[in-house]
Amino acid sequence: MEVSSLPISASHRAKLISAGYISISSLSSISPAHLARDLGISENEATGILKVASQRGGPERTIPSHHSIVDGLRAQTAWDMLHEEESCRRITTSCADLDDILGGGISCKEVTEIGGVPGIGKTQLGIQLAINVQIPLEYGGLAGKAVYIDTEGSFMVERVQQVAEACIKDMQEYDSFLRKDLPARQVNLQANDFLANIYYFRICSYTEQIAVINYLEKFISEHKDIKVVIVDSITFHFRQDFDDMALRTRLLGGMALKLMKLAKKFTLAVILLNQVTTKYSGGSFQLTLALGDSWSHACTNRIILYWNGNGRYAHIDKSPSIRSASAPYAVTGRGIRNLASNCKRVKLM
């Protein structure tokens, strides 16, 4: 049970979440004096919060029996897991070269981190995936919807409309390619249809970010056709005003676990866009993805976007199922595409 369900004041709930107390069980062994210091409230107020938490969280605070733990779990064979992985759908990036090294696109049921320097195309790729997840089943897509969590204010609806219009043209070209000797079919979608299927959250603080991610499970339960959650970026509010690095690590770890659970439970892709920072290593400063080494273990896959001369490249830095490889890509007026010098027909499936 989460602290957001406690019958206490909204300000106290916000302070608990900001201090890293997400679940009621996290309050089980803390003293009123310690809680008062963490929240910046009086000891009497802290005692009242702990009393309410103990009443609400009573059943959770007892040590569960062996059977109660096992009853909540379901064993799977390795064969079942392999079958699930092979049948898992992927979201095309609209760049055939990038899809190829990803095994067909961005995988559902996994958390994928995409990082790179400013201007490399992280937001462009996020927008492309929010559009492409909606490609109908008959065109090789998922016919899903998207959640876009914008922490930086970089989501431009005019650009989204532009990419949606290009996606419709891609579908028309794809259909013409498959039906060479038959009359062309009309794609019965408009750009506005794509925009209507993107649920947008504008986040202005790390407490709002935590609150929205805690709310996602309920939101997705009510919107079953959501197939991708994009956070642009996961980093922004956690690089400012954080003197307590242990608290930051605890909050980020809690968010990562929530997002992993969502990916598996609802068979959707979670995309976390990340910024870069400098790290001193081997006698020199090097660029690395932000949030530190502990965060690097929070995602299933990690893709680093970088410049090579004037060309953009994507490198698979970490993945349990696909080998490390690099591929060029371009950011065009139509969205993410292959480099013009290496142009292929856009893959929709």
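How many residues of strand 4 (residues 145-150) are buried, and what does that say about its place in the structure? The count is 6 of the 6, so strand 4 is largely enclosed by the rest of the structure. Buried here means under 20% relative accessible area, with exposed set at over 50% and partly exposed in between (1.4 Å probe, protein chains only). Helices (H or I, at least four residues) and strands (E, at least two) are DSSP runs, numbered from the N terminus.

A quick word on the model. It is a predicted one, where local features need pLDDT of at least 70, side-chain atom pairs count only at pLDDT 80 or more, and totals for chains, interfaces and linings use all residues. Residues are numbered from 1 along each chain as its sequence is written, and side-chain values use heavy atoms, leaving out hydrogens and water.

Two strands count as paired if DSSP finds at least two bridges between them. By that rule, 9 strands form an open sheet with mixed pairing, in the order 5-4-6-7-3-10-11-12-13. Strand 5 and strand 13 (335-337) stand at the edges with a single partner strand each, so one side of each lacks a neighbour in the sheet. On average, neighbouring strands of this sheet are turned by 25° against each other, direction ignored.

| Strands | Bridges | Facing residues |
|---|---|---|
| Strand 4 and strand 6 (residues 226-232) | 6 bridges | Aspartate 150 and aspartate 232 |
| Strand 4 and strand 5 (residues 198-202) | 5 bridges | Tyrosine 148 and tyrosine 200 |
| Strand 3 (residues 111-116) and strand 7 (residues 269-274) | 5 bridges | Valine 111 and valine 270 |

**Helix packing**

Now for the helices. In helix 1 (residues 10-18), His12, Leu16, Ile17 and Ser18 are buried. Their cover includes helix 2 (32-39), helix 3 (43-56), helix 11 (206-222) and helix 12 (245-266). Just after helix 1, glycine 20 takes a positive phi of about 95°.

Two pairs among those covering helices also pack against each other. Axes are lines fitted to C-alpha atoms, for helices over the stretch in contact (heavy atoms within 4.5 Å), and angles run from 0 to 180 degrees between N-to-C directions.

Helix 2 and helix 3 have axes that come within 8 Å and cross at roughly 110°. That makes helix 2 roughly perpendicular to helix 3, on a scale where under 35 degrees is roughly parallel, over 145 roughly antiparallel, 65 to 115 roughly perpendicular and the rest oblique. Pro32, Ala33, Leu35, Ala36 and Leu39 of helix 2 make the contact with Glu43, Ala46, Thr47, Ile49 and Leu50 of helix 3. Those residues divide into 8 nonpolar, 1 polar and 1 charged, counting Ala, Val, Leu, Ile, Met, Phe, Trp, Tyr, Cys and Pro as nonpolar, Asp, Glu, Lys and Arg as charged, and the others, Gly among them, as polar.

Helix 11 and helix 12 pack at an angle of about 15°, their axes 11 Å apart. That makes helix 11 roughly parallel to helix 12. The residues of this contact divide into 10 nonpolar, 3 polar and 4 charged.
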